[in-house]
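Here are a few notes to read alongside the model, in the order I would look at things.

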Amino acid sequence: MTRGDRVRLGRRVSAAVCGWNVVALACAFVGEEHLRDAGRADLAGSATAILVLGLAIVIALVVGGAVVRRRPEHPVGWIFLALSAFIALVGPVEAYVLNGAVARPGSLPGAAALAGLADILFLPWLALVALALHLTPTGRPLSRRWGRVAQVTAGAGVVGFVGGIFRRGPFDPPLDQTTNPIGVPFLGPVVGVVVLIVGLGLIAAGISVVVRFRRAEGLERRQLQWMYLAAVPLPLFVPAAFVAAYTDQSTPLLLATAGFIVLVPAAAGLAITQYHLYEVDRILSRTLTYALLTAVVAITYVSVVTMAGRALARFDESSSLATVLATLGAVSVFSPARRVIQDALDRRFNRRRFEAVRVVQRRLAEPTSSRSIEDVLREALGDPSVRVSYWVEERGQWVLADGRASNPSADAVEVRRGEAPVARIDVDRTRTDRELVEAAAGAAIPELDNARLRAAISLQ
């Protein structure tokens with residue numbers, strides 16, 4: 001599989017996980033509504049649980065999606081995507097089991113048989129976070145010995161997860177009265193031992209980050225600073241989670257669990273933004289832009305539908321009119337919101353792109369400047385090798401600014417206005433990213449078009 005194939009696969013998997021998360025959260029919401037309808041609101045998730053798990057899902061999805069798009073060969077991106085999917089799975093599974101085995105016993109097929117799955121869903125979280133810690137930032141364990149520790153933790157996680165699904169019980173409240181009809185009696189103690197091994201493996205993974213940090217120098221040490229801060233408390237969080245689970249203390253259990261399912265992906269995201277960990281800060285900016293843009297458009301649509309529906313309630317076609325107005329409102333805010341959000345995030349996450357676009361925009365704001373657009377692009381991109389070729393439609397050829405014939409390279413960045421080619425920009429690909437060139441060129445299109453006209457006159 002080529003790198004391009006892996007990138008496309010990463011994009012498809014990221015989109016699939018995002019879609020799965022939305023569906024899972026919707027199913028969990030419907031399931032909790034059914035619990036309330038059955039008079040068992042006490043079984044519904046608390047606001048704290050929803051906040052913590054929702055935050056963990058979003059952070060793992062954003063960081064994982066960013067990594068697999070930029071560095072599809074790096075395993076940590078795939079690990080975070082899997083973590084996001086497994087965290088999202090807990091909502092619909094628990095809602096189904098609680099509805100069919102506790103609130104309305106026997107009302108849903110197979111609800112009791114899923115009790116083991118609902119009870120063991122936390123185990124992949126521990127194993128995946130441990131693997132992410134072992135493989136950050138190089139994609140390889142610290143040493144062969146640490147690699148064996150990672151393998152044992154992952155293997156124990158798989159064995160414990162499969163064994164937990166077929167565990168007969170007893171389960172933690174409120175499933176303590178539920179018996180898994182497909183359960184195997186002797187698996188309970190085995191699963192308990194395996195869960196303990198995974199917990200110890202997670203603590204060992206945190207220790208590996210501390211050891212790696214102390215041995216690292218230069219850029220790698222700076223990259224690991226945030227991961228180091230997230231790993232240090234793991235020897236406290238993991239035992240606290242086990243004790244809280246054993247004593248049936250839901251809030252301490254949730255907060256202790258958040259100590260690693262939220263902090264580790266968040267630390268990776270902070271390392272990306274601060275020290276270019278995994279080299280995906282640009283992709284993270286783009287991912288966050290569309291996530292926030294989706295939220296803005298959705299909020300606009302819902303708000304307009306609600307307000308217009310109330311205002312037009314006396315008309316027969318109020319619902320259709322409200323939908324039309326909401327659609328127009330969402331469309332109208334899309335473009336300006338995208339610019340505002342992208343600029344704000346680029347300023348924070350993708351500083352080089354932001355500065356490059358700013359340099360070009362300052363040039364366009366000074367029409368009396370004697371500097372050529374080619375010189376401006378060289379400054380903006382930090383690349384003295386930049387060469388711009390212009391397309392002269394009448395002659396059907398590429399020329400330089402002074403009218404001399406040019407032969408742009410096959411991988412030059414082409415700038416178009418509508419359907420018509422304007423220019424092609426050659427850069428040193430070893431020092432200048434293609435998307436950075438596209439961003440700067442996009443801001444320079446008016447001036448590039450003017451330069452194209454002047455080049456055509458020079459050719460004549």
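This is a predicted model: local features need pLDDT of at least 70, side-chain atom pairs count only at pLDDT 80 or more; totals for chains, interfaces and linings use all residues.

1. What is Leu 133 in contact with, leaving aside its neighbours within four places in sequence? The list is Leu 202, Ala 205, Gly 206, Ser 208, Val 209, Met 227, Leu 234 and Val 264.

2. Next, have a look at helix H6 (residues 144–165) and helix H7 (residues 187–215), whose axes come within 8 Å and cross at roughly 150 degrees. Angles over 145 degrees count as roughly antiparallel, so that is how H6 and H7 run relative to each other. Their crossing is left-handed.

3. Which residues meet where H6 contacts H7? On the H6 side they include Trp 146, Val 149, Val 152, Gly 157 and Gly 160. H7 brings, among them, Leu 187, Val 191, Ile 197, Gly 201 and Ser 208. The residues of this contact divide into 13 nonpolar, seven polar and no charged.

4. Finally, Thr 251 in helix H11 (residues 250–261) may be worth a click. Its relative accessibility is 45%, so Thr 251 counts as partly exposed. Thr 251 and Ala 49 are 202 residues apart in sequence, yet their C-alpha atoms are 8.1 Å apart in space.

Notes:
Residues are numbered from 1 along each chain as its sequence is written. Side-chain values use heavy atoms; hydrogens and water are left out. Axes are lines fitted to C-alpha atoms, for helices over the stretch in contact, and angles run from 0 to 180 degrees between N-to-C directions. Helices (H or I, at least four residues) and strands (E, at least two) are DSSP runs, numbered from the N terminus. Angles under 35 degrees count as roughly parallel, over 145 as roughly antiparallel, 65 to 115 as roughly perpendicular and the rest as oblique. A crossing is left-handed if the near helix is turned anticlockwise from the far one by less than a right angle, and right-handed if clockwise. Contact means heavy atoms within 4.5 Å. Ala, Val, Leu, Ile, Met, Phe, Trp, Tyr, Cys and Pro count as nonpolar, Asp, Glu, Lys and Arg as charged, and the others, Gly among them, as polar. Buried means under 20% relative accessible area, exposed over 50%, partly exposed in between (1.4 Å probe, protein chains only).
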